[in-house]
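Work through the exercises below with the sequence and the model open side by side.

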Amino acid sequence: MQIILSKDARTTSATAARLILTQIKQKPNSLIALPSGPTPVEMFEQIVLSYQKGEVDFSQARFIGVDEYLGLGKDHPDSVAQSLHARFFVPCNIQEKQIRLIDGAQDPQIEVESFGAWISEAGGIDLIVTGIGLNGHLAYNEPAESLFPHVHVNGLGENTRLSLLKDFSDQTEVPSRIITLGMADFLHAKKLAVVATGPNKSSVVRRLVEAKTFSTFFPASILMLHDNAILVVDEVAGKELKPEVIASSLETSF
């Protein structure tokens with residue numbers, strides 16, 4: 001696992017954006033899985049700026065979301081779909097034929113099967129970008145005795161739901177379940193990038209970096225099994241890392 005330590009959240013977001021832009025330049029028809037929520041807001045701002053400057057061509061690329069709240073259709077204002085459209089797809093002129101998002105309003109079993117089949121038919125995921133939860137969840141794969149390998153419906157823990165309150169216009173409507181990628185989907189992606197910023201992520205970042213074995217009770221530890229995993233953190237999220245880890249976690253080019 002490669003660790004990239006940046007001086008602040010904005011620089012970390014720029015690093016995450018650069019990962020996506022570099023992936024597109026190296027393989028124009030890449031399939032990239034994108035996150036929503038507060039962590040990637042500045043990342044998308046950086047990407048949009050690069051697009052407006054004419055520095056990237058998205059015309060051949062394909063995009064999916066890593067997850068979607070069960071019960072929320074693509075037009076719901078608090079859905080992952082709406083977030084990705086507003087922050088990235090619309091300002092970067094991404095066409096609908098390039099996008100395959102999960103529809104949380106559809107029959108969940110049918111949507112799980114069709115989304116998983118679409119990924120397989122597309123040839124697999126080239127790059128996944130996502131965040132990490134305070135309990136070590138990855139794309140809302142919560143700690144449990146066992147984890148699902150592929151796209152599935154997963155329950156959200158109470159603490160996770162509480163952390164989502166600020167993201168919903170109606171806090172009484174925070175979903176309790178989500179459709180998300182599974183552990184094998186992360187492992188099979190050609191590149192996996194996890195972004196963590198802010199002081200509240202310092203303990204989970206330390207735990208991830210110091211993990212010796214994979215544990216289903218700490219899903220993010222799947223990074224240690226991936227051949228091309230990158231952890232991108234800012235200084236405050238990495239403040240609990242050992243000095244030798246910090247010294248070797250330098251900004252890099254891709």
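**Exercise 1. Locate Glu210 and Arg206, and state how many residues apart they lie.**

Solution. Begin with the secondary structure, where helices (H or I, at least four residues) and strands (E, at least two) are DSSP runs, numbered from the N terminus. Both Glu210 and Arg206 belong to helix α7, and they are four residues apart, about one turn of the helix. Next, look at the side chains, which meet in a salt bridge at 3.8 Å, N to O; the term stands for a side-chain nitrogen of Lys or Arg within 4 Å of a carboxyl oxygen of Asp or Glu. Finally, consider exposure, for which buried means under 20% relative accessible area, exposed over 50%, and partly exposed in between (1.4 Å probe, protein chains only). Glu210 is partly exposed at 31%, and Arg206 is partly exposed at 28%.

Before going on, note that this is a predicted model, in which local features need pLDDT of at least 70 and side-chain atom pairs count only at pLDDT 80 or more, whereas totals for chains, interfaces and linings use all residues. Residues are numbered from 1 along each chain as its sequence is written, and side-chain values use heavy atoms, with hydrogens and water left out.

**Exercise 2. Which parts of the chain does the salt bridge between Arg10 and Glu42 tie together?**

Solution. First, check the distance: the closest N and O atoms of Arg10 and Glu42 are 3.5 Å apart. Then place the partners: because Arg10 lies in helix α1 (residues 9-26) and Glu42 in helix α2, the pair ties together parts that are 32 residues apart in sequence. Arg10 is partly exposed, with a relative accessible area of 43%, and Glu42 is likewise partly exposed, at 26%. Helix α2 (residues 41-52) also holds Gln46, which is buried at 17%. Leaving aside neighbours within four places in sequence, Gln46 is in contact (heavy atoms within 4.5 Å) with Arg10, Ala14 and Ala17.

**Exercise 3. Is Asp126 buried or exposed, and which residues are linked with Asp126 in a network of salt bridges?**

Solution. Asp126 is buried, its relative accessible area being 2%. The side chain of Asp126 meets that of Lys190 in a salt bridge of 3.6 Å, N to O. This pair links distant parts of the chain, 64 residues apart, with Asp126 in the loop between α4 and β6 (127-131) and Lys190 in the loop between α6 and β9. Lys190 counts as partly exposed, at 46% relative accessibility. The network consists of Lys27, Asp126 and Lys190, and the structure holds seven salt bridges.

**Exercise 4. How many residues has the largest nonpolar core, and which element gives the most to it?**

Solution. A nonpolar core is a set of buried Ala, Val, Leu, Ile, Met, Phe, Trp, Tyr and Cys residues joined through side-chain atoms within 4.5 Å. The largest one has 41 residues, and Ile125, Ile128 and Phe186 are among those with the most contacts inside it. Helix α7 gives the most to this core, with four residues. Apart from this core lies another, of 40 residues, including Ala17 and Phe58.

**Exercise 5. In what order do the strands of the open sheet lie?**

Solution. Two strands pair if DSSP finds at least two bridges between them. Seven strands follow the order β1-β10-β9-β6-β2-β3-β5, with parallel pairing. The edge strands, each pairing on one side only, are β1 and β5 (99-100). Two bridges join β3 (residues 62-65) to β5, and Ile64 stands opposite Arg100 in β5.
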